[in-house]
Amino acid sequence: MPSTLYDKLWRSHVVVEEAGGVSLVYIDRAMLHEVSSPQAFAALREKGLQVRHPAAFLAVADHSVPTRGRDRPIADPQARAQVELLQKNATDFGIDMIGLDDRRQGIVHVTGPEQGFTLPGLTLVCGDSHTATHGAFGTLAFGIGSGECESVLATQVLRLTKAKTLRVNVHGDLPPGVEAKDIILAVVGKLGSNGAIGHAIEYCGPAIRALSMEGRMTLCNMSIEAGSRTGLVAPDDTTFAWLKGRPLAPKDADWDAAVTYWRTLPSDDGAVFDREIDIDVTKLVPQVSWGTSPDQVVDVTGRVPDPAHAVDTETAAKMVKALSYMGLTPGMPVRDIAIDHVFIGSCTNGRIEDLRIAARILKDRHVADGVQALVVPGSKAVKQQAEGEGLDAIFRAAGFDWREPGCSLCVAMNDDRLPPGARCASTSNRNFEGRQGQGARTHLMGPAMAAASAIAGQITDPRDFLGEA
Ligand SMILES: CC(C)[C@H](C(=O)O)[C@@H](O)C(=O)O
Ligand code: SF4
C-alpha cells in the first residue's frame with residue numbers, strides 16, 4: 001500500500017505497538033537548551049538514572065544568552081546560572097555541549113542542521129515547540145515537554161500517539177519578491193492557530209521543491225503556529241547537496257548508502273492523507289501579521305481587518321482584543337503602520353539567505369530616523385559566512401546593530417527586549433502579547449519586508465525596493 005513520508009518515518013521507529021494507537025517510538029537524536037532541560041536532568045538525578053545514549057544528544061545555549069559583550073561572563077545572574085547548569089548537566093552526563101565560546105554556537109534549530117546532526121529519516125526531538133524546523137530535511141522532528149525529555153534521556157524512547165496526516169499542496173510558482181515566510185504565514189492564516197492540531201503536515205508542490213533548505217526550514221519552523229508539532233518536506237537533491245560534508249553527516253560509502261535510503265522516504269504516489277488543503281501561490285503577496293496570533297495575517301497591500309466582518313462572534317472578540325493590544329484601527333492600510341523597531345533573526349529567519357535578501361535591500365540605504373534595528377545571525381557559522389560576504393558592513397552602514405547569535409528579540413528571555421508600546425517589524429514566528437517585551441507589539445514578516453520597513457519607518461512592500469534593485 002502506498003505510504004506517506006510520515007508513515008514511513010513513524011513505522012521505521014516504532015519499537016512496540018500498544019493498544020489504542022499508542023506506540024513506543026525510538027528517538028534517534030535530541031537537542032537540549034538551557035531553558036527547557038533543567039527539570040529533566042533534575043529528575044534523572046533524583047531517580048539515580050543515567051543517560052542511556054549520550055552521543056544521541058547535543059546541548060546548546062541560545063535562549064537566555066546575551067547578544068553582545070560575549071567576551072565577558074554573562075552579566076545577568078539568572079541567564080548565567082541557566083547556561084552554567086546546562087554545561088554542568090552536559091558534562092556530568094557525557095553530552096556534547098555547545099557553549100558560548102564554541103564556534104558551532106547558535107539557535108538550536110539553526111545549529112542542529114548546520115552540524116548535520118539533523119538528517120533525513122531520523123526522529124529528532126527537543127524541548128522546544130519549533131523543533132519541526134528540522135522536518136525540512138525529512139526528519140520526524142517535534143517539540144516535547146520536560147517529562148518526555150526525561151524519558152528520552154533515560155530510555156531513548158517515547159510513548160506517542162500517531163498523528164493524522166495533512167498535506168498542504170502548494171500550487172504554482174512563487175512570484176519574485178515573495179518568500180518562504182510568506183507561504184507559511186499564508187498557510188497559518190488559512191489553517192488558523194489550532195487548525196492542524198493532531199496532524200503531521202507535509203508541504204508539497206513545485207514551489208516547495210524550488211525552495212532552498214533555508215526556505216524549507218522557515219516553512220517547517222512555523223508548523224506549530226497552526227497547531228502541528230510536525231512539519232515535513234520530503235528530502236531530495238537540494239537536501240542532499242546541503243547536507244553533504246557537514247561535520248556529522250555520514251561520509252564516503254556511508255553517505256552513498258544513506259542517500260540511497262533517503263531516496264525511498266518521499267510519500268509514494270497514491271499515498272492517502274487524512275486531510276489536504278490547497279494553496280495557490282501564483283498571486284501570493286508578501287504577508288504580514290496585524291494581530292497577536294500568527295494566524296492574524298494580511299497581504300501587505302491590504303487593510304487591517306474589521307471585526308464587524310468576522311466569520312463568527314468568537315473570532316470577532318479575538319480580533320477586538322488583538323486590535324486593542326496592537327493599537328490599530330480596522331480598515332487602515334497596513335502600509336500606514338509606523339514601526340520603531342526592526343528585528344532580523346530567530347530560528348525562522350536568521351539564516352544566511354535571510355541576511356542576504358535583507359542586505360540586498362539595505363545596500364546603500366539607511367534605516368529611517370527613530371528606528372532601532374537589530375540583526376542577529378542564527379548561528380556563528382551564519383555570522384561568519386555573512387561577514388565573509390560583507391553583509392555585516394552593509395547592515396552596519398544602514399544603521400543596524402550587528403550582534404552575536406542567540407534567540408535575542410524573538411523572545412524576551414535575555415537582555416534584548418522592547419519597551420512597552422514599541423512596535424517591531426520582526427522576522428520571528430510569534431507575535432503573542434508581550435513576546436518581545438511587556439506591552440510591545442510585534443508584526444511578523446519575512447526578512448525582505450523587515451529590511452524595507454526599516455528604511456521606510458513603516459510597514460512596506462519589499463517588492464517596491466526589490467524592483468529597483
Ligand atoms: C523557551 C522554549 C521552550 C520556547 C518553545 O517551546 O518554543 C521558545 O523557544 C519559544 O519559541 O517560545
Ligand atoms: S529563536 Fe525564538 S522561536 Fe526559535 S527557539 Fe529561540 S525563542 Fe524559540
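In this predicted model, the domain assignment divides the protein chain into domain 1 (5-275) and domain 2 (287-466). The centres of domain 1 and domain 2, taken over C-alpha atoms, are separated by 24 Å. To the contact between them, domain 1 contributes 40 residues and domain 2 contributes 39 residues. On the side of domain 1 that touches domain 2, helix H4 (108-115), H6 and helix H8 (213-221) each provide at least two residues. H6 gives the most to this side, with 6 residues. By class, the residues of domain 1 that touch domain 2 comprise 12 nonpolar, 16 polar and 12 charged.

Attention now turns to a sheet. Four strands form an open sheet in the order S11-S10-S9-S12, with parallel pairing. Strand S11 (230-232) and strand S12 (275-280) each have a single partner strand and stand at the edges, so one side of each lacks a neighbour in the sheet. On average, neighbouring strands of this sheet are turned by 20° against each other, direction ignored. S11 pairs with strand S10 (residues 199-204) in the parallel sense over 3 bridges, and Glu202 stands opposite Leu232 in S11. Helix H6 (residues 180-191) packs on the sheet, where this helix touches strand S9 (164-171) and S12. The direction of H6 makes about 130° with that of S12.

Note on methods. Residues numbered from 1 in each chain as written. Chains lettered and ligands numbered in written order. Predicted model: local features only at pLDDT ≥ 70, side-chain atom pairs only at ≥ 80, totals over all residues. Pairing = 2+ DSSP bridges. Axes fitted to C-alpha atoms, helices over the stretch in contact; angles between N-to-C directions. Contact = placed C-beta atoms within 7 Å. Domains from an automatic or database assignment. Nonpolar A, V, L, I, M, F, W, Y, C, P; charged D, E, K, R; others polar.
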